[in-house]
Amino acid sequence: MTALKTLQDRDQSIWLDSISRELLESGTLSRYIANLSVTGLTSNPTIFERAIAASDRYDAAIREHLESEAPAEQIFFEFALADIVAAADLFQPTYDASEGRDGFVSLEVSPTLADDTEQSVEEAKALFARAGRSNVLIKIPGTAAGLLAIEELIAAGIPVNVTLLFSRSQYRAAAEAYLRGIEKRIRAGQNAHVPSVASLFVSRWDGATASRLPSELANRLGIAISKRTYKVYQEILESDRWRRLARAGAQPQRLLWASTGTKDPELHPGYYLTALAAGGTVATVPEKTLLAFAESGAVEGVLGTDTAEADAVVEDVSGLGVDVDALAAKLQADGRDAFVASWNDLLACIEEKRTRMRTA
């Protein structure tokens, strides 16, 4: 608990990277909020697919559709929204106490829309309206089409979690989309406070390069990329452009560390949390990481904007033939494809359960 409280005291929010009906109904999430400094929650298609496949707690909701021809996607969003709303209500006190800066729950649009701006915007608006909670963030990937959707959604006042970012250039593009959306609102005389986070995926860098790097560079690239991105984040917040928006009532689009679970079994589960302690940021953590960090995690210092060491790591990795920019693009495409695969598995699981119930 001490390390988690230290992060909170240093203005880093801890959001649980998990959701399930069991987590909600058992009171476990409430305990994490009360005892482990958890102030938000994220979800994605993989998380929901695992929750639905491994539990019978969604069966009653599926059974309500035995006589209908409702597509599996419609059924999924019905009970996903029920979970998201229940979680959002648990975090409402955090949201209120932080004046809309913290206490958020994220729900992703269908990952099959990653390259469709118009449909992403339409689905995001519909999901946010159906949720009916101001502390729900709609997740949109930072693809080319997604960036256009993000700008339009922010301009429309829809809170957004930009997902699948892997580099400082991808992050900068997401931040620019957010800034343009806020500027549109200000020009239109609208409220400039539209919550948003930008999610940089960390550990997937190290997983992707584990077999290509010597031991002295192992598990260092993800942190190096993150430190370089954090510097850009701080530069944006110190810019005249941002100061003008802040004076108009805008709040920062907080940088969020995603994919913080370790892939290397030799690492402490809290490895990335220790390395990326930074004020003004969010860290999303799987349950295993949360519990391990609560038991034996450590905070050794906070991130600064000196990237000399990080730049050296990236230079060394590049010198070994790893094209970092190309890998960032590949990781984003692979992440999108993995979420699409989980989405298809999720829908197949719902349909399989409905078919089995019909023939039982």
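Two strands are said to pair if DSSP finds at least two bridges between them. In this predicted model, strand 3, which comprises residues 105-108, and strand 4 meet that requirement, since they pair in the parallel sense over 4 bridges. Within this pairing, Ser106 stands opposite Leu137 of strand 4. A parallel pairing over 4 bridges is also found between strand 1, residues 13-17, and strand 2, where Ile14 has Val38 in strand 2 as its bridge partner.

Ser37 is found in the loop between helix 3 (28-35) and strand 2. The phi angle of Ser37 is near 60°, which is a positive value in a residue other than glycine, and Ser37 is buried, with a relative accessible area of 7%. A phi near 60°, again positive in a residue other than glycine, is also found at Leu164. Leu164, however, is found in strand 5, and its relative accessible area of 1% places it among the buried residues.

The N-terminal end of helix 16 is capped by Asp323, a side-chain oxygen of which lies 3.3 Å from the backbone nitrogen of Asp325. Helix 16 also holds Arg354, which is buried, with a relative accessible area of 3%. The side chain of Arg354 reaches the backbone oxygen of His65 at 3.3 Å.

The largest pocket has a volume of about 640 Å³ and is lined by 28 residues, of which Asp17, Asn44, Ile47, Arg50 and Pro286 lie nearest its centre. The elements that give two or more residues to this lining are helix 4 (45-53), strand 5 (160-165), strand 6 (196-201), strand 7 (254-258) and helix 16 (324-359). Helix 4 gives the most to the lining of the largest pocket, with 4 residues. Divided by class, the lining of the largest pocket has 9 nonpolar, 13 polar and 6 charged residues.

A search of the whole structure also finds 3 cavities of 30 Å³ or more. The largest cavity has a volume of about 90 Å³, and of the 14 residues that line it, Arg101, Phe104, Pro195, Ser196 and Pro252 are the closest to its centre. The lining of the largest cavity divides into 8 nonpolar, 4 polar and 2 charged residues.

The second largest cavity has a volume of about 60 Å³, and its lining is made up of Tyr171, Ala175, Tyr178, Leu179, Tyr233, Ile236, Leu237, Trp242, Pro252 and Gln253. Helix 9 (168-187) and helix 11 (221-237) are the elements that give two or more residues to the lining of the second largest cavity, and helix 9 gives the most, with 4 residues. By class, the lining of the second largest cavity has 9 nonpolar residues, 1 polar residue and no charged residues.

Gln253, one of the residues lining the second largest cavity, has its place in the loop between helix 12 (240-247) and strand 7. Gln253 is buried, with a relative accessible area of 5%. Although Gln253 and Gly280 are 27 residues apart in sequence, their C-alpha atoms are 9.6 Å apart in space.

How values were computed:
Residues numbered from 1 in each chain as written. Predicted model: local features only at pLDDT ≥ 70, side-chain atom pairs only at ≥ 80, totals over all residues. Heavy atoms only, no water. 1 Å grid on protein atoms, 1.4 Å probe; cavity = no way out; pocket = protein on both sides within 12 Å on 5 of 7 lines; lining within 4 Å. Points joined across faces, edges and corners; volume = space filled by probe spheres on them. Nonpolar A, V, L, I, M, F, W, Y, C, P; charged D, E, K, R; others polar. Polar contact = N/O pair within 3.5 Å; in protein donor to acceptor, adjacent residues only side chain to side chain. Buried < 20%, exposed > 50% of the residue type's maximum accessible area, 1.4 Å probe, protein only.
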